[in-house]
Amino acid sequence: MAGDEFSELLGQLKERSGLSYGVLGKRLHTSTSTLHRYVNGDAVPTDYAPVERFARACKASPEELVELHRRWVLADARRGQKADGDSPSVSALASASDLPAASASASASASPAASGSAVGSELAADVAVGGDVLGSGPEGERAGAPDAPVARRRRTVVLAGAAVAAAVVSAALVVNLVPGKSDDGEGRKQSVGAAAESVDQSPGASASGDAKGRSASPSASRSGTPTASSSASRSAGAGAAQDSGAEESGSAPTVAVNPYKWDSPCSQHYLVDRKPEQVPPPPSESDARGWVSALGGVAAGQQMLALTVQGTGKATVVLEELHVRVVEKSAPLAWNDFEMGVGCGGGVETTSFAVNLDAGRPATSPKAGQRDFPYKVSESDPEVFYIFADARAHNVSWYLELDWSSGTKQGTVRVDNKGQPFRTSGNVGRPAYNYPLGDSEWGRNEYEPDIPG
């Protein structure tokens with residue numbers, strides 16, 4: 001069955017990735033129960049966007065993305081037909097995967113022009129008699145004429161053909177979206193005003209769930225117009241009339257920031273201006289903000305940020321560039337270095353960018369073959385970026401600026417730590433302390449008592 005094939009491939013990708021449902025849920029901002037239902041075949045997503053994000057998180061190949069999209073189209077169509085109670089749709093959809101072979105056989109006895117004409121006539125007739133093929137009503141519904149069973153069966157056949165056609169189009173799209181190239185497909189760069197927002201988000205919280213904790217940061221748009229609050233931008237984008245038929249423009253995207261993200265506990269160090277006996281045990285990642293803030297600590301050697309960027313409406317927003325802005329640079333802090341974990345592993349490899357804060361003009365650069373900007377987001381299709389900012393020879397205060405555009409609008413969003421710059425300091429040569437499992441106090445690192453240069 002189409003739904004079984006779809007869930008089977010999801011399960012294979014999940015198992016191969018080695019990621020738990022909990023980890024995937026956090027990365028995709030989706031509940032673990034929802035992911036369970038998709039993988040177990042109990043539910044089929046009504047939109048393909050979460051399916052693609054799931055596959056990319058599991059590092060699916062381009063060929064697997066094409067096959068997954070094909071299976072989702074068939075499963076989604078079968079689910080819609082089951083809702084209509086139309087039993088012939090099952091056999092029609094089951095034979096959808098055989099349509100290419102059948103078409104090849106039919107072409108031996110009919111010319112391409114004749115075949116194209118016949119299919120086109122059939123599709124036009126179906127739309128005229130049975131209404132919209134895929135429906136225009138609420139999500140998951142299929143429009144049609146309940147009192148016209150003949151037209152309904154014809155619509156089933158056309159729907160199966162459309163599923164295969166969609167899979168072919170998907171294949172062409174994946175082939176053309178090669179790394180290193182823009183996938184926005186439009187290339188427009190037009191200007192108007194912008195909105196700026198900085199949001200802190202604790203690990204595991206969704207961008208929408210943290211809306212109450214958001215604080216706007218002042219930032220000038222590239223057009224020179226003062227920026228508006230995120231709520232004002234959202235209202236303007238949602239309420240703009242499109243009677244003229246012009247393409248709808250989106251407003252500034254929201255950016256949820258977690259400046260206390262860890263690649264792994266062992267990779268994260270903080271400088272604290274206290275003696276080890278005055279420092280409490282290391283926190284978990286979710287409690288890092290409170291621990292660091294209470295001690296006045298500063299990220300040491302490297303700071304990892306997680307940025308969740310999401311549009312505020314249906315219109316696509318193109319994320320053009322991400323810039324690094326240095327506020328202040330001075331000598332490294334002469335404090336003690338405290339490591340958050342011992343004997344652990346980790347590694348975030350997708351959508352990651354490195355920043356060398358010691359450089360004269362720091363800039364972001366893709367890591368591990370990840371492609372560079374631009375990217376696209378919308379309200380239903382967010383993007384998560386990981387920033388690894390390194391400092392060895394300086395104590396640096398800095399923030400980010402994200403350039404965006406959508407239709408006729410263009411602007412810049414400032415990304416910082418609740419209105420304050422991020423702060424990262426070099427730690428070379430500083431006394432190194434760790435807290436091994438089973439111990440009850442901080443101790444000097446016996447292998448590297450001072451952070452190596």
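**Aromatic rings, a cavity and some backbone details**

Modeller: Ring pairs join Phe 338, Tyr 433, Tyr 435 and Trp 442 into a cluster. Please keep in mind that this is a predicted model.

Biologist: How many aromatic pairs does a search of the whole structure find?

Modeller: The search gives 11 aromatic pairs. In one of them, Phe 338 and Tyr 433, the ring centres are 5.5 Å apart and the planes meet at 20 degrees, so the pair counts as stacked. The cut-off behind that word is that planes under 30 degrees apart are stacked.

Biologist: Where in the chain do Phe 338 and Tyr 433 come from?

Modeller: They link distant parts of the chain, being 95 residues apart. Phe 338 belongs to strand 7 (residues 336–339), and Tyr 433 to strand 15 (residues 432–434).

Biologist: Is Tyr 433 buried or exposed? And what about Phe 338?

Modeller: Tyr 433 has a relative accessibility of 13% and counts as buried, because buried means under 20% relative accessible area. Phe 338 is buried as well, with a relative accessible area of 0%.

Biologist: Which charged end sits over the ring of Tyr 433?

Modeller: That of Arg 444, which is 5.7 Å from the centre of the Tyr 433 ring. There is also Arg 414, which lies over the face of Tyr 399 at 3.9 Å from the ring centre.

Biologist: Changing topic: which residues of helix 3 are buried?

Modeller: In helix 3 (residues 32–40), the buried residues are Thr 34, Leu 35, Tyr 38 and Val 39. Viewed down the helix axis, they fall within an arc of 130 degrees, so they line one face of helix 3.

Biologist: What follows helix 3?

Modeller: Gly 41 follows helix 3, and its phi is positive, near 85 degrees.

Biologist: How many cavities of 30 Å³ or more are there?

Modeller: The count is 3 cavities. The largest cavity has a volume of about 90 Å³.

Biologist: Which residues line the largest cavity?

Modeller: The lining consists of Leu 10, Leu 28, Thr 30, Leu 35, Tyr 38, Pro 45, Pro 50, Val 51, Arg 53 and Phe 54. Helix 3 and helix 4 (49–57) are the elements that give two or more residues to this lining. Helix 4 gives the most, with 4 residues.

Biologist: And by class, what does the lining of the largest cavity have?

Modeller: It has 8 nonpolar, 1 polar and 1 charged residues.

Biologist: Staying with helix 4, which of its residues are buried?

Modeller: They are Ala 49, Val 51, Phe 54, Ala 55 and Ala 57. Val 51 and Phe 54 are also among the residues lining the largest cavity.

Biologist: What comes after helix 4?

Modeller: Helix 4 is followed by Lys 59, whose phi is positive, near 60 degrees, in a residue other than glycine. Lys 59 lies in the loop between helix 4 and helix 5 (62–84). With a relative accessible area of 43%, Lys 59 is partly exposed.

Biologist: What is the phi of Lys 418?

Modeller: Lys 418 has a positive phi of about 55 degrees, although it is not a glycine. Its place is the loop between strand 13 (409–415) and strand 14 (422–425). Lys 418 is partly exposed, with a relative accessible area of 44%.

Biologist: Which residues does a cis peptide bond join?

Modeller: Phe 373 and Pro 374, with omega at about 15 degrees. Pro 374 is in the loop between strand 9 (364–366) and strand 10 (375–377).

Biologist: To finish with the strands, where does Ile 387 lie?

Modeller: Ile 387 is in strand 11 (residues 383–390) and is buried, with a relative accessible area of 0%. Its C-alpha atom is separated by 5.9 Å from that of Ser 352, although Ile 387 and Ser 352 are 35 residues apart along the chain.

Biologist: Thr 412: buried or exposed?

Modeller: Thr 412 is buried, with a relative accessible area of 4%. It lies in strand 13. Between Thr 412 and Leu 400 the C-alpha to C-alpha distance is 10.0 Å, and the two are 12 residues apart in sequence.

How values were computed
Residues numbered from 1 in each chain as written. Predicted model: local features only at pLDDT ≥ 70, side-chain atom pairs only at ≥ 80, totals over all residues. Heavy atoms only, no water. Phe/Tyr/Trp six-rings, centres within 6.5 Å; stacked < 30°, edge-to-face > 60°. Buried < 20%, exposed > 50% of the residue type's maximum accessible area, 1.4 Å probe, protein only. Lys NZ or Arg CZ within 6 Å of the ring centre and 35° of its normal. Arc of directions from axis to C-beta. 1 Å grid on protein atoms, 1.4 Å probe; cavity = no way out; pocket = protein on both sides within 12 Å on 5 of 7 lines; lining within 4 Å. Points joined across faces, edges and corners; volume = space filled by probe spheres on them. Nonpolar A, V, L, I, M, F, W, Y, C, P; charged D, E, K, R; others polar.
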